[in-house]
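Trainee: I'm new to this one. Could you walk me through it with a few questions and answers?

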Amino acid sequence: MLMAHPTVLRNLIEQYEALRVLHAENGGQEARQRMDDVAYTLCVSTGTRDVDSALVAARHRLPGARPADDSVLSA
């Protein structure tokens, strides 16, 4: 499986978190659609099926991540 570059993953994580806050504050349809799009891209980029797993997997692949921190990931 191809792996996304850590810079791309960091950018997707930051976008998702910003959009989650924006959606929570405003509840707009545009923010929700963009958040869904970023979540989908995170899932595809990490080979996962849900955004929570995708976020864990993406953070796990960032520089400085400690493999033992994410018990959700299989070895």
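Mentor: Gladly! A salt bridge is a side-chain nitrogen of Lys or Arg within 4 Å of a carboxyl oxygen of Asp or Glu. This is a predicted model, where local features need pLDDT of at least 70 and side-chain atom pairs count only at pLDDT 80 or more, while totals for chains, interfaces and linings use all residues. Residues are numbered from 1 along each chain as its sequence is written, and side-chain values use heavy atoms, with hydrogens and water left out.

Trainee: How far apart are the closest N and O atoms of arginine 32 and aspartate 36?

Mentor: Both residues lie in helix α2 (residues 29-46), four residues apart, about one turn of the helix; helices are DSSP runs (H or I, at least four residues), numbered from the N terminus. Arginine 32 and aspartate 36 form a salt bridge, and their closest N and O atoms are separated by 3.3 Å.

Trainee: Which residue forms a salt bridge with glutamate 17?

Mentor: Glutamate 17 lies in helix α1 (residues 6-26) and its partner in helix α3 (residues 51-60), so the pair ties together parts that are 42 residues apart in sequence. The closest N and O atoms are 2.2 Å apart, and the partner is arginine 59.

Trainee: Is valine 51 buried or exposed?

Mentor: Valine 51 is found in helix α3. Buried means under 20% relative accessible area, exposed over 50%, and partly exposed in between (1.4 Å probe, protein chains only). With a relative accessible area of 18%, valine 51 is buried.

Definitions and conventions. Helix = DSSP H or I, 4+ residues; strand = E, 2+ residues; numbered from the N terminus.
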